[in-house]
Amino acid sequence: MKNLLQRLRDLFTGSRADDYADLEQDYAYDDEYDDEDPGDIGSQRQLFTALDIGTAFAKAMIVEVRGDHAEVLGVGRHPQSYAHMSDGIVTDIPGVIANCNEALLKAEQAAGGVIAPSAVIGIAGELVKGSSTTVSKQRAQPTKQITAEELESLITAAQERLLKMAKERIAAETGYGNIDVRLTNAAVISVRIDGQLVTNPIGFRGRHFALTLFSAFAPLTQLGAIETVAQGLDLTLVTIVAEPYALARCLSSNASADSGAIFIDVGGGTTDIALVRQGGIEETRVFALGGRAFTRRIATSKGIPIKEAERLKISYSNGELKGSSHDEIQAILAPECQTWMDSVELLIEELSKGELLPPAIYIVGGGSALVDLHQRLEAFPWTERLPFSRQPIIRAVQPEMVGSILDNEGMLESGQDITPMALAYQAVELNNDNNVLERALDRVINNMHI
């Protein structure tokens, strides 16, 4: 029998569907292991490391998955050098490995020595493309029951269309037409038979069979860099997750299934936007403007080093600057904030595709601490410029709002911890996604070798 770590590797390399039943049994949590050595990787505790390789910080979180939630055991953060990351993309692999190792050591220490070699790692950057598409077929024999083969055929058609779209978008943005791309995440959003929403179409009869699929793709170069980072940290890579996707999946429970929400993650190098409608993620967009751009603006305007500018930005964000000092930084940041708001407007307009947008906007990420961004969002004439039925609620997400990730020791501090929490939530979903749609999707992905 394959050992647990090998089977986790197989999840990433393609045999998830074949081994899932055995893996689920191996993963079954039993109270008799409560007293096991927490560092013993051979125990049956479901321990995972969530690693957010951010532009400004590497963040590691060790969690234990128990059923439909995960408990935070340890958290670690370590700053990234400007030379190691650029706009969410790894530019110096050894440097990033060293920074992530520091974050991981801090997390393990905070967890009391717990080691979690199974890792869920996030990926970001402008070339990470996430979209959804709906495919449908008119069944020639509507009285005949829908089969697993029909379902997989529809998923394959959707996946092929999304892969083609991702390649075309990346080629248009880079100018290179032959860049290898790979699937990072996929989820069946909905299945309808003659307009009726169903969770398992097998056995149903009907003429109109429609399926909506979301998929995120990234260039092989970026994925390969993250795999190398995982190897350098001696982590077993369970999955790489597009961060906008992880964020939307984790936080969508905060929005009603009917209305949905828009999620904005302001990181160090990028801002990620995800649109959720009717309980499912539809699209993601990323643009290369985050917290570091504001820091650079202060450094350039005042002629001071980057580190000093960062400290000044944080003091400003915390409300510690008063009078003329506050007004000066506000004026310096105003053009950059306007550029950020213009970009947000443009991408949300793209995401809407002319359809009505959900009435809630959630903002997260370390860069979202800048109060000026909240002010721009609050003051923006949403209903005049974009298809909103009413002025949307603007809400900053804090760790306590994420119900599926339990922080009993109070280790999580602010919006910058939401992304690693979202990655940890993927470990929860990994253990619980074993329905007909997930198994069919896994088989399609394995057969397509994407």
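This is a predicted model: local features need pLDDT of at least 70, side-chain atom pairs count only at pLDDT 80 or more; totals for chains, interfaces and linings use all residues.

Modeller: Residues are numbered from 1 along each chain as its sequence is written, and side-chain values use heavy atoms, with hydrogens and water left out.

Colleague: How many helices and strands are in the chain?

Modeller: Helices (H or I, at least four residues) and strands (E, at least two) are DSSP runs, numbered from the N terminus. On that basis the chain has 13 helices and 17 strands.

Colleague: What percentage of the residues in the chain is buried?

Modeller: Buried means under 20% relative accessible area, exposed over 50%, and partly exposed in between, with a 1.4 Å probe and protein chains only. Of the 450 residues in the chain, the buried share is 54%.

Colleague: At what angle do α7 and α8 pack?

Modeller: Axes are lines fitted to C-alpha atoms, for helices over the stretch in contact, and angles run from 0 to 180 degrees between N-to-C directions. Helix α7 covers residues 291–302 and helix α8 residues 306–317, and their axes are 8 Å apart at an angle of about 110°. This makes α7 roughly perpendicular to α8, given that angles under 35 degrees count as roughly parallel, over 145 as roughly antiparallel, 65 to 115 as roughly perpendicular and the rest as oblique. The angle asked for is about 110°.

Colleague: Which residues of α8 make the contact with α7?

Modeller: Contact means heavy atoms within 4.5 Å. From α7 the contact takes G291, F294, T295, R296, I298, A299 and K302. From α8 it takes I306, A309, E310, L312 and K313.

Colleague: How many residues of α12 are buried?

Modeller: Helix α12 (residues 418–432) reaches 21 Å from its first C-alpha to its last, close to the 21 Å expected at 1.5 Å a residue; the expected span is 1.5 Å times one less than the number of residues. The helix is largely enclosed by the rest of the structure, because the buried residues number 14 of the 15.

Colleague: Which residues of α6 are buried?

Modeller: Helix α6 (residues 243–251) has 9 of its 9 residues buried, so it is largely enclosed by the rest of the structure. They are E243, P244, Y245, A246, L247, A248, R249, C250 and L251.

Colleague: Which residues does Q222 touch?

Modeller: Q222 is in helix α5 (residues 220–232). Its relative accessibility is 9%, so Q222 counts as buried. Not counting residues up to four places away in sequence, Q222 touches I89, I123, A124, L127 and V128.

Colleague: What is the phi of D87?

Modeller: D87 lies in the loop between β4 (85–86) and β5 (89–90) and counts as partly exposed at 30% relative accessibility. D87 is not a glycine, yet its phi is positive, at about 55°.

Colleague: Where is K353 found?

Modeller: K353 is exposed, at 53% relative accessible area. Its phi is positive, near 55°, in a residue other than glycine. K353 is found in the loop between α9 (323–352) and β15 (360–364).
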